[in-house]
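The following exercises concern one protein structure. Please work through each task before reading its solution.

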Amino acid sequence: MVVCHCERVSHRKIAKAVRSGCFSLRTVCEETGAGRGCGGCVSSLRQLIEEHLTQVRTQEVPLEAT
């Protein structure tokens, strides 16, 4: 699914950026190029970043800690 139509950035590219350590809107946009055109995707980007951050955080918690 394309998230940023201006720069043709996909949902997968956003997920990959978050997994590689881009944890803010600014760093995801720098890494992927998303959000540099009209800005219409910014709210979707924020939501996707938060979803992927939740997944990353869940995976990093050792089983002994839960």
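**Exercise 1. Determine how many salt bridges there are, and describe the residues that form them.**

Solution. Begin with the rule: a salt bridge is a side-chain nitrogen of Lys or Arg within 4 Å of a carboxyl oxygen of Asp or Glu. By this rule, the count is 2 salt bridges. The structure is a predicted model, in which local features need pLDDT of at least 70 and side-chain atom pairs count only at pLDDT 80 or more, whereas totals for chains, interfaces and linings use all residues. Residues are numbered from 1 along each chain as its sequence is written, and side-chain values use heavy atoms, with hydrogens and water left out.

Step 1. Helices (H or I, at least four residues) and strands (E, at least two) are DSSP runs, numbered from the N terminus.

Step 2. The other salt bridge links the side chains of Glu50 and Arg57, at 3.8 Å from N to O.

Step 3. Arg26 is exposed at 54%, while Glu30, at 48%, is partly exposed. Glu50 is partly exposed at 42%, and Arg57 is partly exposed at 47%.

Step 4. Relate this to a general principle: side chains of opposite charge can pair when their charged atoms come close.

**Exercise 2. State which residues of α2 are buried, and how they are arranged about the helix axis.**

Solution. Step 1. The buried residues of α2 are Val28, Cys29 and Thr32.

Step 1. Viewed down the axis of α2, these buried residues fall within an arc of 100 degrees, so they line one face of the helix. The arc is that of the directions from the helix axis to the C-beta atoms.

Step 2. On the face turned away from the buried side, α2 carries the exposed residues Arg26 and Glu31.

Step 3. Just after α2 comes Gly33, which takes a positive phi of about 90 degrees.

**Exercise 3. Describe the overall pattern of the protein chain and its largest nonpolar core.**

Solution. Step 1. The protein chain has 3 helices and 2 strands, and along the sequence they follow the pattern β-β-α-α-α. Of its 66 residues, 30% are buried.

Step 1. A nonpolar core is a set of buried Ala, Val, Leu, Ile, Met, Phe, Trp, Tyr and Cys residues joined through side-chain atoms within 4.5 Å. The largest such core has 16 residues, and those with the most contacts inside it are Ile14, Val18, Val28, Ala34, Leu45 and Ile49. Two or more residues are given to this core by each of β1 (2-4), α1 (11-19), α2 and α3 (42-60). The largest share, 5 residues, comes from α3.

Step 2. Contact means heavy atoms within 4.5 Å. Leaving aside neighbours within four places in sequence, Ile14 is in contact with Val9, Val28, Thr32, Ala34, Leu45, Leu48 and Ile49.

**Exercise 4. Locate Arg12 and state whether it is buried or exposed.**

Solution. Step 1. Arg12 lies in helix α1.

Step 1. Its relative accessible area is 72%, so Arg12 is exposed.

Conventions. Buried means under 20% relative accessible area, exposed over 50%, partly exposed in between (1.4 Å probe, protein chains only).
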